Amino acid sequence: MVIFGQTFICGILLGGIYAIIAIGMTLIMGVMKIINLAHGALMMVGMYISYCLFTYCGGIDPYIAMFLSGACLFGIGYLIQKYSIEKVSGVETILPESQVLLTVGIMLVLTEAIRLIFKSDYRSVAPWYSGTSFFVGDMSISIPMLIGFGIAMAFVFVLHLFLTRTDLGRSVRATAQDRDAATYMGINSKRVTNFTFGLGSALAAVGGTLLLPIYYLFPDIGHAVLAKCFIITILGGMGSTMGALFGGLALGVAESFGATYWAMGYKDVVGLIIFIVVLLFLPGGFKSLTKR
């Protein structure tokens with residue numbers, strides 16, 4: 001029973017961190033109606049910024065560095081959307097999904113640029129609390145995972161307030177629901193799209209930085225996390241932030257149980273199995289259950 005409880009708690013904590021990264025992706029998908037395949041690479045760049053701040057700038061703690069890396073990635077994401085993705089939006093091309101293909105190109109450029117600078121070596125950030133834990137009965141709980149989960153939930157709460165209580169947040173929701181209607185109502189949909197891409201990139205950087213004290217860092221880490229984000233987005237329903245939160249928690253718990261009761265090397269397979277099952281039997285994700 002102790003192993004079961006510890007596995008469940010670890011899955012929840014990890015799933016919360018997954019969720020904040022996936023929420024950035026689902027916001028972009030909800031507004032732009034495209035799959036942003038550069039999301040994982042943008043997260044990876046944010047992680048390297050936090051790594052450099054810790055390693056070369058006097059040991060700035062990752063939980064402080066995440067605000068700096070988030071701000072940097074907001075600017076990078078905003079510029080990428082405004083000066084590249086927006087340029088091919090609505091332009092007739094041979095391939096209908098030119099925006100998606102452009103995000104693939106951005107992903108490759110970012111990944112290989114980081115590889116050129118930092119090589120493919122595995123790196124890590126080890127603040128004083130890295131590897132520490134506390135006990136609840138006989139269950140050991142990782143302190144970095146607990147702190148990361150708490151920060152991720154705080155960001156989710158603030159984001160929810162932003163989307164529901166501010167004019168800009170309501171503009172984002174309106175553009176996601178019906179871009180043409182939002183434009184007719186006087187909303188600058190291009191500005192909202194640029195802002196949303198920047199916000200999604202910033203959330204990816206924050207979530208990636210929360211993983212730094214837990215995971216190794218290498219240029220291709222974005223590919224693995226991108227797959228998880230895509231699974232979470234499908235689980236939660238495209239454009240649903242609360243759906244992405246529950247999807248992230250579900251994936252974290254599933255991976256944790258898969259690693260404990262099956263094999264560590266097969267934990268990612270559990271997520272893919274859930275992904276296939278949801279596509280077959282619940283294509284609208286958890287969001288569709290509330291409409292029944």
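These questions and answers look at how some labels on this predicted model were reached.

The model is predicted, so to speak: local features need pLDDT of at least 70, side-chain atom pairs count only at pLDDT 80 or more, and totals for chains, interfaces and linings use all residues. Residues are numbered from 1 along each chain as its sequence is written, and side-chain values use heavy atoms, leaving out hydrogens and water.

Me: What makes the pair Ser 69 and Thr 209 a polar contact?
Reply: The term asks for N or O atoms within 3.5 Å, one able to donate a hydrogen and the other to accept it; residues adjacent in sequence count only if both atoms are side-chain atoms. Here the two side chains are at 3.4 Å.

Me: Why does Phe 281 count as exposed?
Reply: Exposed means over 50% relative accessible area. Phe 281 reaches 64%, so it counts as exposed. Phe 281 is found in helix α11, residues 267-281; a helix is a DSSP run of H or I with at least four residues.

Me: How do you know that β1 and β2 pair?
Reply: Pairing needs at least two DSSP bridges between the strands, each strand being an E run of at least two residues. Strands β1 (residues 133-136) and β2 are joined by 4 bridges and run antiparallel. Ser 133 stands opposite Ser 142 in β2.

Methods:
Buried < 20%, exposed > 50% of the residue type's maximum accessible area, 1.4 Å probe, protein only.
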